[in-house]
Amino acid sequence: MIALIVIAVIVLIILARCIRIVPQAHAYVIERLGAYQATWSVGLHLKVPFIDAIARKVNLKEQVADFPPQPVITKDNVTMRIDTVIFFQITDPKLYAYGVENPLNAIENLSATTLRNIIGDLELDETLTSREVINSKMRSTLDEATDPWGIKVNRVELKNIIPPQEIQDAMERQMKAERERRVAVTSAEGEKKSTILVAEGRKESVILNAEADKQSAILQAEARREAAVKEAEGQAEAIRKIQQARADGIRYLKEAGADDAVLTLRSLEAFEKAADGQATKLIIPSDIQAIAGLAGAVTDTVKFAASPNGGGVEEQKV
């Protein structure tokens with residue numbers, strides 16, 4: 001009875017060990033009697049006792065390999081040290097298990113030789129400024145070389161580029177000289193722009209002053225023109241009013257029964273009053289000679305009427 005119990009326990013243990021659960025992002029490579037049998041993916045699996053064996057457990061996650069600095073020589077014979085970081089992922093567990101003995105060591109040596117080949121075609125300055133080109137070439141070469149191993153290289157990055165100490169000192173002196181040159185150029189450009197701005201300011205000031213003088217002259221000319229127009233209009237208005245007043249006076253006298261001699265005398269009296277005024281200008285009618293002749297005739301008539309021989313003429317009062 002005890003023996004049966006022991007045998008049953010042993011059988012249960014064996015069955016339990018034959019049941020395997022593959023976790024997420026993993027794969028198991030199964031061998032039967034030493035030969036490849038299958039690749040188990042995620043889930044529950046059962047293997048044959050004493051015949052099937054798990055040859056290798058493979059991690060399918062993306063992995064990172066950080067390799068130590070490798071000595072490389074540039075095209076211009078400068079020795080430097082460069083360390084790389086490689087991001088890779090296992091795509092075929094079978095090839096990964098049977099393709100190469102130590103895949104990680106193989107990738108490290110392959111990356112070192114590839115890096116030496118690429119850097120050997122570049123000079124020092126190109127190496128320092130061509131990280132993207134180097135990364136792209138290394139990724140392409142490593143991805144192609146690791147395909148038979150079931151590995152895909154997703155990305156390659158140059159972590160550090162360490163030139164010799166004397167090269168670093170020379171680069172620092174060069175950078176310092178370049179910064180000093182940029183400061184001098186910037187200062188010269190600033191002075192140039194300042195001089196240009198001052199000259200442009202003076203130019204604009206002269207132009208504005210000339211424009212102001214021009215506008216002032218135009219306004220003064222317009223003011224003089226408007227004053228002349230106003231003065232001419234005033235003179236014309238004065239002439240018109242004088243003519244209107246004269247015409248009104250003559251019409252009034254005619255309506256009162258005055259003859260031409262009386263009208264002429266009234267015109268002369270009005271002219272006399274106008275001459276006695278404070279006006280700086282005197283407007284003389286164009287028919288002044290005719291008026292003077294009429295005035296002489298009227299004077300002779302008045303003298304004749306006042307003489308004893310002229311008693312037959314009656315004095316008329318207007």
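Figure 1. Among contacts (heavy atoms within 4.5 Å) between residues at least 6 apart in sequence, 63% join residues at least 24 apart. The model is a predicted one, in which local features need pLDDT of at least 70 and side-chain atom pairs count only at pLDDT 80 or more, while totals for chains, interfaces and linings use all residues. Residues are numbered from 1 along each chain as its sequence is written, and side-chain values rest on heavy atoms, with hydrogens and water left out. The secondary structure comes to 8 helices and 9 strands, where helices (H or I, at least four residues) and strands (E, at least two) are DSSP runs numbered from the N terminus. Of the 318 residues of the chain, 21% count as buried; buried means under 20% relative accessible area, exposed means over 50%, and partly exposed lies in between, with a 1.4 Å probe and protein chains only. The accessible surface of the chain comes to about 22,600 Å², of which 57% belongs to carbon and sulfur atoms, with areas taken from the Shrake-Rupley method and a 1.4 Å probe, and, for residues, only the protein chains shown counting as cover.

**Figure 2. The largest nonpolar core and the surroundings of Ile-86.** The largest nonpolar core has 32 residues, and those with the most contacts inside it are Ile-82, Ile-86, Leu-115, Ile-134 and Met-138. At least two residues of this core come from each of β8, α2 (93–99), α3 (103–120), α5 (131–146) and β9 (151–162), and α3 gives the most, with 6 residues. A nonpolar core is here a set of buried Ala, Val, Leu, Ile, Met, Phe, Trp, Tyr and Cys residues joined through side-chain atoms within 4.5 Å. In soluble globular proteins, nonpolar side chains tend to be buried together. Not counting residues up to four places away in sequence, Ile-86 touches Gln-63, Val-64, Ala-65, Phe-67, Ile-107, Ser-111, Leu-142, Val-153, Arg-155 and Val-156.

Figure 3. Arg-139 and Asp-143 both lie in helix α5, 4 residues apart, which is about one turn of the helix, and their side chains meet in a salt bridge at 3.9 Å, N to O. Asp-143 counts as buried because its relative accessibility is 14%, whereas Arg-139, at 31%, counts as partly exposed. The side chain of Lys-152 also meets that of Asp-143 in a salt bridge, at 3.8 Å, N to O, and Lys-152 is partly exposed, at 37% relative accessibility. Through shared partners, salt bridges join Arg-139, Asp-143 and Lys-152 into one network. Arg-155 and Glu-157 meet through their side chains in a salt bridge of 2.7 Å, N to O, with Glu-157 partly exposed at 24% relative accessibility.

**Figure 4. Lys-47, a buried residue without a salt bridge.** Lys-47 is found in the loop between β4 (43–46) and β5 (52–59). Lys-47 is buried yet has no salt bridge, and the nearest side chain of opposite charge, that of Asp-52, is 7.1 Å away; in this count Lys and Arg are positive and Asp and Glu negative, while His and the chain ends are not counted. Leaving aside its neighbours within four places in sequence, Lys-47 is in contact with Arg-17, Cys-18, Trp-40 and Asp-52.

**Figure 5. Two loop residues with positive phi.** Leu-33, in the loop between β2 (26–32) and β3 (35–40), has phi near 55°, a positive value in a residue other than glycine. Leu-33 counts as exposed because its relative accessible area is 70%. Asn-77, in the loop between β7 (70–73) and β8 (79–90), is likewise a residue other than glycine with a positive phi, near 60°, and Asn-77 is exposed at 66% relative accessibility.

**Figure 6. Ile-162 in strand β9.** Ile-162 lies in strand β9 and counts as partly exposed, at 38% relative accessibility. The C-alpha atoms of Ile-162 and Asp-83 are separated by 8.8 Å, although these residues are 79 residues apart along the chain. Not counting residues up to four places away in sequence, Ile-162 touches Met-80, Arg-81 and Gln-168.

Methods:
A salt bridge is a side-chain nitrogen of Lys or Arg within 4 Å of a carboxyl oxygen of Asp or Glu.
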